[in-house]
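Hi everyone, thanks for coming.

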Amino acid sequence: MPSARRPAGGKGEDGGHLVAAVVGSHAAAFELGVAHEVFGIDRSEYASPWYRFRVVGAFGTTIPVSGGDWSITTPYTLDDLADAETVILPVWPGRGDPAPPEVLDALRAVHDRGGRLVSVCSGAFLLAQAGLLDGRRATTHWIFTSEFAQLYPAVEVDRDVLFVDAGDGIYTSAGTAAGIDLCLHIVRLDHGAEVANKVARRMVVPPQRDGGQAQFVDTPVPEMCADDPIARTLDWAVAHLDEHMTVDHLAARAMLSPRSFARRF
């Protein structure tokens with residue numbers, strides 16, 4: 001039977017709340033870097049004790065970096081998840097492939113003992129494969145949402161948000177930079193808005209972005225009609241940027257009143 005869930009800001013035996021990033025066969029440099037930037041750099045001037053951070057290799061202690069000819073090394077393996085209070089999955093390579101049972105068992109054990117699970121981008125596939133997202137709302141990178149919904153029909157896929165706080169210690173975020181939003185949300189839960197805002201300012205990012213993934217999805221733009229007076233006028237204006245022009249001039253060029261031109265523009 002699952003144990004009582006620990007408070008979000010719980011402390012490890014020798015310091016702050018222990019955050020472990022689990023890396024698969026390849027490491028995603030940006031997403032892993034985001035987790036390290038938020039949790040791995042000492043920010044004890046903002047809140048003390050700050051987090052402790054470790055990288056856990058799911059398949060070994062030397063991990064190639066995706067898209068590069070370099071690798072990272074870590075002394076930590078799945079055995080070192082036993083005392084982690086927050087586990088981050090910063091992308092999971094081979095998202096549709098069966099994961100080793102020991103990886104899935106380790107994630108279930110974290111949740112059963114009251115730990116927190118956080119996914120970035122395709123890391124949600126691993127949580128879903130472990131059965132931890134069944135009946136829950138979750139998200140992933142917009143480019144993967146259809147595949148995700150097809151593979152895991154028991155998960156309520158939210159295609160439009162930057163991250164989902166599903167409750168019960170499970171959090172999922174969309175692609176790449178959405179991991180920043182979710183990591184700052186975790187800091188906000190643990191240490192309050194003021195501390196999260198200071199970390200965001202240090203990173204030179206918004207403390208909390210508005211909107212969702214839809215703003216980052218390519219939207220088809222219809223071709224302008226050849227007889228559209230606005231399009232014709234804009235083409236003319238681009239070709240005459242060295243000339244002084246006013247709205248009245250542009251409206252006359254479009255053979256519209258200034259008011260109609262402004263409204264249609």
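Let's start with helix α1, residues 29–40, and helix α5, residues 178–191: their axes come within 10 Å and cross at roughly 25°. Axes here are lines fitted to C-alpha atoms over the stretch in contact, with angles from 0 to 180 degrees between N-to-C directions, and helices are DSSP runs of H or I, at least four residues, numbered from the N terminus. So α1 and α5 are roughly parallel, a label for angles under 35 degrees.

A quick word on the model: it is predicted, so local features need pLDDT of at least 70 and side-chain atom pairs pLDDT 80 or more, while totals for chains, interfaces and linings use all residues. Residues are numbered from 1 along each chain as its sequence is written, and side-chain values use heavy atoms, leaving out hydrogens and water.

Who meets whom? Phe30, Val34, Ala35, Val38 and Phe39 of α1 contact Gly179, Ile180, Cys183, Ile186 and Val187 of α5, contact being heavy atoms within 4.5 Å. By class, that is nine nonpolar residues, one polar and no charged; Gly counts as polar here.

Now to helix α6, residues 193–203, where Val195, Ala196, Val199, Ala200 and Met203 are buried, meaning under 20% relative accessible area with a 1.4 Å probe, protein chains only. They span an arc of only 140° around the axis, so they lie on the same side of α6; the arc uses directions from the helix axis to the C-beta atoms. On the other side, Glu194 and Arg201 are exposed, that is, over 50%. And what covers the buried residues of α6? Among others, our friends α1 and α5.

Conventions: Helices (H or I, at least four residues) and strands (E, at least two) are DSSP runs, numbered from the N terminus. Angles under 35 degrees count as roughly parallel, over 145 as roughly antiparallel, 65 to 115 as roughly perpendicular and the rest as oblique.
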